[in-house]
Amino acid sequence: MHASLPPIALGAGPLTLEDVAEVARGRGVTLAADPARIAGGAAFLAGLLARGHEVYGVTTGYGDSCTVQVAPDLVPELPLHLTRYHGCGLGRILDPAETRAVLAARLNSLALGFSGVRWELLAALAALLNRGVLPRIPAEGSVGASGDLTPLSYVAATLVGERDALYDGRVLPAAEALREAGLAPITLFPKEGLALMNGTAAMTGLACLATHRAGYLERFATRLTALAVAALRGNRDHFHPRFFQLKPHPGTLRAAVRAYEDLGGAPGTEDPARLQDRYSVRCAPHVIGVLGDALAWIRRDLETELNSANDNPLIDAEAGLLFHGGHFYGGHVAFAMDGLKNAVASLADLMDRQLALLVDVRYNQGLPMNLSGAEGRRAALNHGLKAVQIGASAWTAEALKLTMPATAFSRSTECHNQDKVSMGTIAARDALRVLELAEQVAASLALAVVQALRIRERQGIAAAERLAPEARSFLEGLGSDLPFLDEDRPLDGVLSGLCDAVREQTWSLYP
Ligand SMILES: N[C@@H](Cc1ccc(O)cc1)C(=O)O
């Protein structure tokens, strides 16, 4: 479906997180950079070389080996050495969406025209996306500060027809995948291996996807909070907009207003069981709001990174300048992802606590044990959501365990040339894993609130009537595929279906 939508233009103006998410989902790209400007950059670099200028990584060895001169007749061979000796990545292979996000991030940066690469290289990268030839990129092996050298070497390898690529659902030697897709391998020009690899595209691509997912989870958790309040006979007034104007963090205020409006159903149905609810209910906007507000600065920093020249060396052909420096340093992405994973894990914890209230007869205000719908003699046999709640505790613990900041683990490497590094790629991978776990907790809570509200209906308590029409129709949509849980049954399929629905952002929430 996404492949049939108009392509996203790269190189014309700033790309957004949403653009990257769209490309990740299969949307094509078109190169909207100025061809003359790109050609001018490549020509400027070629001119420097022709005049015998020393350019790092072009006439010298790489990294700490920048003091080693490469003889002019060997210079053309240098890029392939770079791509090949970095072919040492390990770990899981990035999935197709992640790979597409990485490609989009690298292409967008190179299309700015400060890396001195040819149009042909940009076109070859765009063709990988548009024809669906996806490098098989191992997730591990980047310190995130010399660019994502090792992961991105797999992008370069596919372009030159080496290593493996995914094409048409099959893993093929890259040369074969290119051929089947009607593409030819390219020969890298002197700076082009470095330009492809010496940047933050792996962490940035992954971070864009994580942030896009987190934005949806923020809204999903808000809606589930409103449903949990209805099910637990909680207080709508905890979320009163006037009250939140007194402490107006924008993300908190937004979450509170949303939950308040969701609970604006039929008048007279409000029936709070306690004067004040427990913190996982009463302070839900305060927890969700931390993520909501973090998303604003995370977006700012990620989009700046995404639309930056994060390579070394860089050129400004129009001004006739060559710069050597450290723009491959992914510190902003690292800090953003360390922050995101903390805020998302805290959200998982919030949802886990709400679930704990719902299943426990000491706190659920008259709902049955473990929300089992079995009645009479059969109630003794059935255990409802007991195991689901245990699972949610495990997923929450695992998410919380992953919040250790990757940023704090900088270590000197590569003969102390890279003696301070960001670890941003690790942080971005952590963030994605924390999101996966948090989505599992959200799926469990979703199942629980649907079950609880159905039981309330059977009890003759007008809990769902407390919901405003939009929240009510969300509840109906959510429940349409969920069984009523009276007799015990395996729920893994139901939960993974819910996780997929969350990841696909199935419901439109607070447009
Ligand atoms: N990122 C390094 C380049 C580098 C490339 C390859 C390496 O193996 C190591 C370092 C720089 O620009 O200084």
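Visitor: How many residues of helix 6 (residues 149-159) are buried?
Guide: A residue is buried if 20 or more other C-beta atoms lie within 10 Å of its own, exposed if 12 or fewer, and partly exposed in between, with C-beta atoms placed from the backbone. Helices (H or I, at least four residues) and strands (E, at least two) are DSSP runs, numbered from the N terminus. Helix 6 is largely enclosed by the rest of the structure, because its buried count is 11 of the 11 residues.

Visitor: What pLDDT does the chain average?
Guide: This is a predicted model, in which local features need pLDDT of at least 70 and side-chain atom pairs count only at pLDDT 80 or more, while totals for chains, interfaces and linings use all residues. Residues are numbered from 1 along each chain as its sequence is written. pLDDT is the predictor's confidence in each residue, from 0 to 100. 100% of the residues score at least 70, and the chain average is 97.

Visitor: What ipTM does the predictor give the complex?
Guide: Two scores apply to the complex. The pTM is 0.98, and the ipTM is 0.98.

Visitor: What radius of gyration does the chain have?
Guide: The radius is taken over C-alpha atoms, and the globule rule is 2.2 Å times the number of residues to the power 0.38. For 511 residues, a compact globule would have a radius near 24 Å, which agrees with the chain's 26 Å.

Visitor: Which residue follows helix 1 with a positive phi?
Guide: Helix 1 is mostly covered, with 7 of its 8 residues buried. Among them are Leu-17, Val-20 and Val-23. The phi after the helix is near 120°, and the residue is Gly-26.

Visitor: How many residues does helix 1 give to the side of domain 1 that touches domain 2?
Guide: The domain assignment, automatic or from a database, gives domain 1 (2-199) and domain 2 (211-307 + 343-503). The contact, meaning C-beta atoms placed from the backbone within 7 Å, takes 18 residues from domain 1 and 19 residues from domain 2. On the domain 1 side, helix 1 (17-24) and helix 4 (96-110) each supply at least two residues. Helix 1 gives the most, with 4 residues.

Visitor: How many charged residues are in the shell around the ligand?
Guide: The surrounding residues include Tyr-62, Asn-198, Phe-328 and Glu-414. Ala, Val, Leu, Ile, Met, Phe, Trp, Tyr, Cys and Pro count as nonpolar, Asp, Glu, Lys and Arg as charged, and the others, Gly among them, as polar. The shell has 3 nonpolar and 5 polar residues, and the charged count is 1.

Visitor: Is Glu-270 buried or partly exposed?
Guide: Glu-270 sits in the loop between helix 11 (250-262) and helix 12 (279-282). Around Glu-270 there are 18 other C-beta atoms within 10 Å, so Glu-270 is partly exposed.

Visitor: Which residues does Glu-270 touch, not counting those up to four places away in sequence?
Guide: The C-alpha atoms of Glu-270 and Arg-466 are separated by 6.4 Å, though the two are 196 residues apart along the chain. The residues touched by Glu-270 are Arg-236 and Arg-466.

Visitor: What share of the 511 residues in the chain is buried?
Guide: The chain has 18 helices and 9 strands. Its C-alpha atoms fill a box of roughly 85 × 50 × 45 Å, along the principal axes. Of the 511 residues, the buried share is 52%.

Key:
A residue is near a molecule or strand if its C-beta atom, placed from the backbone, lies within 6 Å of it. Two residues are in contact if their C-beta atoms, placed from the backbone, lie within 7 Å.
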